[in-house]
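Please look over the sequence and the model below before reading on. The paragraphs after them are meant to be read with the structure in view.

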Amino acid sequence: MQIDVFTLFPEWFDWMRRPRHLANATGGEQLELRCFNFRDYTPLPAGQVDDSPYGGGAGMVLRVDVVASALEAVYGCAADAVKDERHVVVLTPRGRTFSDAIVREYAGIERLTLLCGRYEGFDGRVHEHLASDELSIGGFVLAGGETAAMAVIDAVVRRIPGALGNADSLEHESFSPTLGGRVEHLHFSRPAEFRGWAVPDVLLSGNHGAVARWRDEQSKEPPTPSDAP
Ligand code: ADE
């Protein structure tokens with residue numbers, strides 16, 4: 001899988017090569033992670049990348065000509081043709097809410113391009129003409145798409161074969177079809193008692209059937225986003 005990130009802060013992604021599952025995937029060559037700075041491709045003098053919005057209002061907008069020129073320089077084709085070859089995603093609060101189903105969908109994609117906006121985001125024509133999809137990581141506004149892109153990369157790369165030490169954990173984890181979309185039970189380890197807080201007896205019983213039943217009982221429906229004030 002090849003993941004390209006377009007951002008004004010490519011160096012923020014350096015640490016993303018370090019978590020074990022990402023290091024496994026890049027080291028094993030199942031993943032190529034590349035980062036590009038919009039500013040390196042701007043056709044405007046003085047490295048300008050943004051502008052004030054038509055119609056007025058606060059904030060700045062990342063310009064469509066800057067995004068198009070970055071895509072064209074990197075992929076060597078018309079900016080609106082990139083999405084014919086790759087899945088081009090704008091990270092934005094307007095997007096589909098990222099979920100386990102989308103993680104599974106994305107894990108099957110060979111070439112992914114993530115566009116990270118800042119300020120008020122991108123000129124609308126980036127969404128309309130250059131993107132295949134729009135993703136949000138939740139009902140809140142981030143200062144930019146970078147941390148959202150990191151969440152997408154983290155979750156998707158876990159699903160690349162060989163990224164996780166124990167692929168079994170993918171089978172029974174929260175939101176998996178095996179758990180019927182529910183979230184997993186809590187996990188406990190040594191010490192069996194800490195400050196009077198005991199591990200549930202059943203986990204120490206050695207009775208595998210009882211443990212499995214307890215775990216099933218303890219998994220639950222995921223919390224839903226609350227819009228209560
Ligand atoms: N950019 C700003 N807020 C965002 C969000 N919630 N999800 C994805 N990208 C964003």
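What follows is a walk through this structure, from the whole chain to single residues.

This is a predicted model, in which local features need pLDDT of at least 70 and side-chain atom pairs count only at pLDDT 80 or more, while totals for chains, interfaces and linings use all residues. Residues are numbered from 1 along each chain as its sequence is written, and side-chain values use heavy atoms, with hydrogens and water left out.

Taken along the principal axes, the C-alpha atoms of the chain fill a box of roughly 70 × 45 × 30 Å. The secondary structure comes to eight helices and nine strands, where helices (H or I, at least four residues) and strands (E, at least two) are DSSP runs numbered from the N terminus. Of the 229 residues of the chain, 41% count as buried; here buried means under 20% relative accessible area, exposed means over 50%, and partly exposed lies in between, with a 1.4 Å probe and protein chains only.

Which residues surround the ligand? The shell is made up of Leu91, Thr92, Pro93, Leu135, Ser136, Ile137, Gly138, Phe140, Val141, Leu142, Gly144 and Ala148, where a residue is near a molecule if one of its heavy atoms lies within 4 Å of it. By class, this shell has eight nonpolar, four polar and no charged residues; Ala, Val, Leu, Ile, Met, Phe, Trp, Tyr, Cys and Pro count as nonpolar, Asp, Glu, Lys and Arg as charged, and the others, Gly among them, as polar.

A polar backbone atom of Thr92 is 3.2 Å from a ligand nitrogen, a polar backbone atom of Ile137 is 3.0 Å from a ligand nitrogen, and a backbone N or O atom of Gly138 lies 3.2 Å from a nitrogen atom of the ligand. On its own the ligand has 270 Å² of accessible area, and the protein covers 95% of this, with areas taken from the Shrake-Rupley method with a 1.4 Å probe, and for residues only the protein chains shown counting as cover. The elements that give two or more residues to the shell are E5 and strand E7 (133-136), and E5 gives the most, with three residues.

Strand E1 also holds Thr7, which counts as buried at 0% relative accessibility. The side chains of Thr7 and Glu146 are joined by a polar contact of 2.7 Å, a polar contact being a pair of N or O atoms within 3.5 Å, of which, within protein, one must be able to donate a hydrogen and the other to accept it, and for which residues adjacent in sequence count only if both atoms are side-chain atoms.

Cys35 is partly exposed at 22%, and Cys77 is partly exposed at 25%.

Some backbone details complete the tour. The peptide bond from Arg190 to Pro191 is cis, with omega near 0°, and Pro191 lies in the loop between helix H7 (168-171) and strand E8 (193-194). Ala46, a residue other than glycine, has a positive phi near 65°; Ala46 sits in the loop between strand E2 (32-37) and strand E3 (50-51) and is exposed at 87%. Arg195 likewise has a positive phi, near 50°, lies in the loop between E8 and strand E9 (197-198), and counts as exposed at 68% relative accessibility.
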